[in-house]
Amino acid sequence: GNQLNTMEQGTGIHELMMAEQRASQIVAEARAGRADRLRQAKVDAEQEIATYRAEQEAAFEASATESKSDNDNSAQLKQETDQEIANLRAAFSKNEGAIVDMLADQCLSVSLEVASARKRSTTG
């Protein structure tokens, strides 16, 4: 009877070891499958990026070609803008002293009189 228990225990241990081995194999296959899926996802993403980049570069080239024809208009616009800036700077320089004086007068002339509306609200 004792020998039979020992054999059954040996068989049970053997089955347990086989189950562990199968589980390890399943985990290894799952990891390998996951790695393959990750690699494929990376390849797919790189292809998508390349396609998007090509589309954007084509759109940029079309825009650049179009803007070359508008270059004459932009030169005139730049000239007009530069002239307007020069006019604003001249007006500023011309009026700078008067504006500084006006601001200083406003800051220095403080009225100590209480407004009539304020008087009515406090005596009410």
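**Reading the model**

A: Let us begin with a pair: Lys78 forms a salt bridge with Asp82, their closest N and O atoms lying 3.0 Å apart, where a salt bridge is a side-chain nitrogen of Lys or Arg within 4 Å of a carboxyl oxygen of Asp or Glu. This is a predicted model, in which local features need pLDDT of at least 70 and side-chain atom pairs count only at pLDDT 80 or more, whereas totals for chains, interfaces and linings use all residues. Residues are numbered from 1 along each chain as its sequence is written, and side-chain values use heavy atoms, with hydrogens and water left out.

Q: Where do Lys78 and Asp82 lie along the helix?
A: Lys78 and Asp82 are four residues apart in helix H2, and therefore about one helical turn separates them; helices here are DSSP runs (H or I, at least four residues; strands are E, at least two), numbered from the N terminus. Lys78 counts as exposed because its relative accessibility is 52%, while Asp82, at 39%, is partly exposed; the classes are buried under 20% relative accessible area, exposed over 50% and partly exposed in between (1.4 Å probe, protein chains only).

Q: How many salt bridges does a search of the whole structure find?
A: Side chains of opposite charge can pair when their charged atoms come close. The search finds two salt bridges, and one of them joins the side chains of Asp36 and Arg39 at 2.6 Å, N to O. Both residues belong to helix H1 (residues 2–69), where Asp36 and Arg39 are three residues apart, about one turn of the helix. Asp36 is partly exposed at 44%, whereas Arg39 is exposed at 52%.

Q: Which residues form a nonpolar patch on the surface?
A: A patch is made of residues with over 30% relative accessible area and no salt bridge, like charges being joined within 9 Å and nonpolar side chains (Val, Leu, Ile, Met, Phe, Trp, Tyr) within 5 Å. Here Ile99, Met102 and Leu103 form such a nonpolar patch, with about 290 Å² of accessible area together, areas coming from the Shrake-Rupley method with a 1.4 Å probe and, for residues, only the protein chains shown counting as cover. Ile99 lies in helix H2 (residues 71–108).

Q: Where is confidence lowest, and where highest?
A: Where pLDDT is low, the predicted coordinates should not be read in detail. On this scale of the predictor's confidence in each residue, from 0 to 100, the lowest mean is 74, in helix H3 (residues 116–123), and the highest is 87, in H1.
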